[in-house]
Amino acid sequence: MTKRKQESVEENDENITKVRLPMYIDQKLFDSFFYRVLLKRRVTQQTGKGKKHRYATMVLIGNRNGIVGIGEAKHEDSAIATNAAKLDAVKRLDWVERFEDRTVWTNMETKLGGTRILMRPRPLGFGLRCNPHIHEILRAAGIKDVSAKVWGSRNPLNVIKATLRMLQAGHMPVNMGDGLGGRGRKMSKGSGIMPLDNMERARGRKLLPLMT
């Protein structure tokens with residue numbers, strides 16, 4: 001291996017191990033988070049110059065104590081896509097309400113596309129009996145006693161996004177929908193950073209700063 005190739009390999013290794021975190025997230029706190037790659041697949045985009053192959057990754061991050069988030073990213077390098085998805089998940093961290101710090105408060109049901117999910121609270125020691133993707137999300141959020149059933153399409157993307165839509169604030173309690181009394185939307189497209197007022201209005205609650 002030549003000297004230039006060795007230098008490029010070392011630079012790639014550094015990019016893989018380092019994740020540039022926002023200023024409000026401490027590195028030690030980030031290292032303590034529960035981390036799991038939920039989905040990793042190879043996608044192809046047809047362009048005028050030919051086919052463009054990339055890796056699409058979805059990453060789950062949580063502190064196992066009521067905070068959880070997922071991130072998505074695409075890149076030609078699988079490791080770089082995973083790191084970018086980690087950073088996206090950090091930006092999307094949000095609080096999950098729990099009853100007795102172990103289960104959900106009430107029966108919850110949602111529908112996303114062709115996927116319908118019903119989630120129920122269970123007694124102490126019941127455990128997690130549910131879809132594997134829902135199981136990982138509940139573990140990351142610190143929920144220990146829940147049963148969940150998936151009907152219709154079991155597309156992992158729909159299952160993951162529908163589960164987070166039920167757990168995170170703005171879609172609780174049942175029939176609250178989008179936090180304003182309406183039905184939860186399938187996907188709301190947006191760009192850039194959402195203002196604080198719009199975020200609070202969409203989630204139906206007051207947001208608190210992470211730095212205290």
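These questions and answers go through a predicted model of one protein.

The model needs pLDDT of at least 70 for local features and pLDDT 80 or more for side-chain atom pairs, while totals for chains, interfaces and linings use all residues. Residues are numbered from 1 along each chain as its sequence is written, and side-chain values use heavy atoms, with hydrogens and water left out.

Q: How many helices and strands does the secondary structure of the protein come to?
A: Helices (H or I, at least four residues) and strands (E, at least two) are DSSP runs, numbered from the N terminus. In order from the N terminus, the elements read α-α-β-β-β-α-β-β-β-β-α-β-α-α. The total is six helices and eight strands.

Q: What percentage of the residues of the protein count as buried?
A: A residue is buried under 20% relative accessible area, exposed over 50%, and partly exposed in between (1.4 Å probe, protein chains only). The protein has 212 residues, and the share of them that count as buried is 37%.

Q: Is A85 buried or exposed?
A: A85 is placed in helix 3 (residues 78-91). Contact means heavy atoms within 4.5 Å. Leaving out residues up to four places away in sequence, A85 touches T57, V59, G71, E72 and A73. Its relative accessibility is 0%, so A85 is buried.

Q: Which residues does T82 touch, not counting residues up to four places away in sequence?
A: T82 is also found in helix 3. T82 counts as buried because its relative accessibility is 8%. The residues that T82 touches are Y35, V37, K40, T57 and V59.

Q: How do the residues of the contact of helix 4 with helix 5 divide into nonpolar, polar and charged?
A: On the helix 4 side are H133, I134, I137 and L138, and these meet P156, V159, I160, T163, L164 and L167 in helix 5. Ala, Val, Leu, Ile, Met, Phe, Trp, Tyr, Cys and Pro count as nonpolar, Asp, Glu, Lys and Arg as charged, and the others, Gly among them, as polar. The contact therefore divides into eight nonpolar, two polar and no charged.

Q: Which kind of aromatic pair do F99 and W105 form?
A: Rings of Phe, Tyr and Trp (its six-membered ring) pair if their centres lie within 6.5 Å; planes under 30 degrees apart count as stacked, over 60 as edge-to-face and the rest as tilted. The structure holds one such pair. The ring centres of F99 and W105 are 5.1 Å apart and their planes stand at 65 degrees, so the pair is edge-to-face.

Q: Which residue lies over the face of F126?
A: A charge sits over a ring if NZ of Lys or CZ of Arg is within 6 Å of the ring centre and within 35 degrees of the ring normal. R116 lies over the face of W151, at 4.5 Å from the ring centre. For F126, at 4.0 Å from the ring centre, the residue is R129.

Q: Where does R64 lie?
A: R64 is not a glycine, yet its phi is positive, near 60 degrees. R64 counts as partly exposed because its relative accessibility is 44%. Its place is the loop between strand 2 (50-62) and strand 3 (67-75).
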